[in-house]
Amino acid sequence: MNDMRVPVLVEHAPSPSASASSARRPPPPSAAGPRIAAVRCALPPHRYAQHELTGPIGDLCLSPGADRALLHRVHASAGVRTRHLALPIERYARLGDFGRSNDAWLETGLELGEEALSGALREAGLAPADVDLLVFASITGVAAPSLDARLAGRMGLRPDVKRIPLFGLGCVAGAAGLARVHDHLRGHPDDTAVLLTVELCSLTLQRGDGSRANLVAGALFGDGAAALVARGGNTDGGSRGTVAPGSGPRVVATRSHLYPGTERLLGWEIGAAGFRVVIDAGVPDIVRGHFGRHLRAFLAEHELTVDDIGTWICHPGGPRILSAVSETLGLSEDALDCSRRSLAAVGNMSSVSVLHILEGIRARRAPEPGTWGLLLAMGPGFCSELVLLRW
């Protein structure tokens with residue numbers, strides 16, 4: 001993994017007929033598009049300052065007497081101040097094999113998932129039986145029946161609730177899951193849909209693995225869950241709860257993009273010990289070289305530019321990723337402050353992070369009506385997902 005070089009992307013040029021005037025341009029969004037009604041995060045009670053974790057994580061990952069200079073550098077430069085862990089830090093040395101880690105993921109994930117989902121429904125003024133679609137994302141554990149199926153009976157969701165469990169999207173799943181919720185609600189405007197993400201990243205830390213990727217993961221990732229409630233355009237009135245005008249942004253449009261030849265940049269190597277992280281140092285170069293062009297093209301289809309976006313909700317992949325996004329888009333110095341605050345407070349929570357940022361924006365002060373927002377993330381594939389919002 002550490003020897004690979006950043007791939008040269010070869011992308012197909014547009015056909016001659018795809019001129020600027022004839023390029024795909026969707027119709028203006030309806031005022032009755034899907035709206036985000038609530039977002040709620042749930043964090044484990046085990047909260048640690050970054051410096052409190054450096055020594056114990058070194059004990060887990062490095063052999064006795066090993067040089068800890070790299071460990072201390074990555075912990076100091078991760079941009080993380082505090083994190084929440086699924087378990088008390090002293091329990092990780094006793095987890096043993098992947099089966100025990102996965103059991104802990106299921107037990108803690110159910111608790112946090114229920115807390116986040118019940119809180120979001122309560123905020124939206126809805127009951128579990130009002131949910132028509134439940135999209136569930138996690139990349140830090142596996143179960144069949146999936147965690148969402150187990151929560152359905154536990155929380156009183158209807159037996160006919162539609163479920164879409166997602167695995168493999170990683171950090172991008174918060175944005176991609178919201179995009180798929182948008183797709184459903186555009187076709188089912190009377191429905192209520194929920195996106196639930198549960199990521200217990202600390203349970204994937206590989207004991208006895210002193211690789212740079214594992215040390216970076218041990219310095220960067222935190223644990224948590226989040227639930228987002230979205231409602232179709234016809235639910236601004238009716239008997240199943242209403243969406244108050246201005247209660248949350250509408251989802252206007254979405255865009256997915258796969259970058260050819262980058263499959264080995266980010267993801268898992270799955271073996272007997274569980275999920276071994278793959279994080280290639282070339283990811284920021286892909287962002288600088290290609291991401292900005294695709295983002296600008298997406299905005300242009302809606303007659304927007306980067307300067308029109310008033311609120312940026314960018315997945316905090318780490319300081320280098322945030323810097324690469326800011327540089328390639330020419331953003332102001334404070335444009336990604338919400339992402340940096342989230343990273344400092346809770347670490348990178350994979351798919352949960354963009355929802356944590358969105359919750360923070362809603363809690364502090366909602367943007368003025370008419371403000372455009374862009375929620376964006378990147379993940380294994382290598383891929384990106386863009387979600388255009390308007391308050």
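The model is predicted, so local features need pLDDT of at least 70 and side-chain atom pairs count only at pLDDT 80 or more, while totals for chains, interfaces and linings use all residues. Residues are numbered from 1 along each chain as its sequence is written, and side-chain values use heavy atoms, with hydrogens and water left out. Helices (H or I, at least four residues) and strands (E, at least two) are DSSP runs, numbered from the N terminus. Buried means under 20% relative accessible area, exposed means over 50%, and partly exposed is in between (1.4 Å probe, protein chains only).

**Salt bridges**

- There are 14 salt bridges in the structure, each one a side-chain nitrogen of Lys or Arg within 4 Å of a carboxyl oxygen of Asp or Glu.
- Arginine 255 pairs with glutamate 301 in a salt bridge, with 2.8 Å between the closest N and O atoms.
- That pair links distant parts of the chain, 46 residues apart: arginine 255 sits in strand β8 (residues 250-258) and glutamate 301 in the loop between α7 (283-300) and β11 (309-314).
- Arginine 255 is partly exposed at 22% relative accessibility, whereas glutamate 301 is buried at 15%.
- Glutamate 327 and arginine 288 form another salt bridge, their closest N and O atoms being 3.0 Å apart.
- Because glutamate 327 is in helix α8 (residues 319-329) and arginine 288 is in helix α7, this pair ties together parts that are 39 residues apart in sequence.
- Arginine 288 counts as partly exposed, at 36% relative accessibility.

**The largest pocket**

- The largest pocket has a volume of about 1,000 Å³.
- On a 1 Å grid over the protein atoms alone, a pocket is an open set of points with protein on both sides within 12 Å along at least five of seven lines, where a 1.4 Å probe fits; lining residues have an atom within 4 Å of a point.
- Grid points are joined across faces, edges and corners, and the volume is the space filled by probe spheres set on the points.
- The lining of the largest pocket takes in 50 residues, and Val216, Leu220, Phe221, Ile279 and Gly317 lie nearest the centre.
- Elements giving two or more residues to the lining include α1 (50-61), α6 (212-220) and β10 (274-279).
- The largest share of the lining, eight residues, comes from α6.

**Cysteines**

- The structure holds zero disulfides, a disulfide being a pair of cysteine sulfur atoms within 2.5 Å.
- For cysteine 383, the nearest cysteine sulfur is that of cysteine 171, 9.9 Å away.
- Cysteine 383 is buried at 9% relative accessible area, and cysteine 61 is buried at 2%.

**Strands**

- Strand β13 (residues 383-390) is mostly covered, with seven of its eight residues buried.
- β13 pairs with β8 in the antiparallel sense over eight bridges, where two strands pair if DSSP finds at least two bridges between them.
- Strand β12 (residues 372-379) also pairs with β13, antiparallel and over eight bridges.
- Arginine 390 in β13 is the bridge partner of arginine 250, and tryptophan 372 stands opposite arginine 390 as well.
- Strand β4 (residues 133-137) is largely enclosed by the rest of the structure, because five of its five residues are buried.
- β4 pairs with strand β5 (residues 162-166) in the parallel sense over five bridges, and leucine 134 has arginine 163 as its bridge partner in β5.

- The peptide bond joining alanine 144 and proline 145 is cis, with omega about 5 degrees; proline 145 lies in the loop between β4 and α4 (147-155).
- Another cis bond runs from glycine 381 to phenylalanine 382, with omega near -20 degrees.
- Glycine 381 also takes a positive phi near 150 degrees in the β12 and β13 hairpin, which has three residues between the strands.
- Glutamate 303 is not a glycine but has a positive phi of about 55 degrees, and this residue is exposed at 66%.
- Serine 350 has a positive phi near 55 degrees too, yet this residue is buried at 5%.
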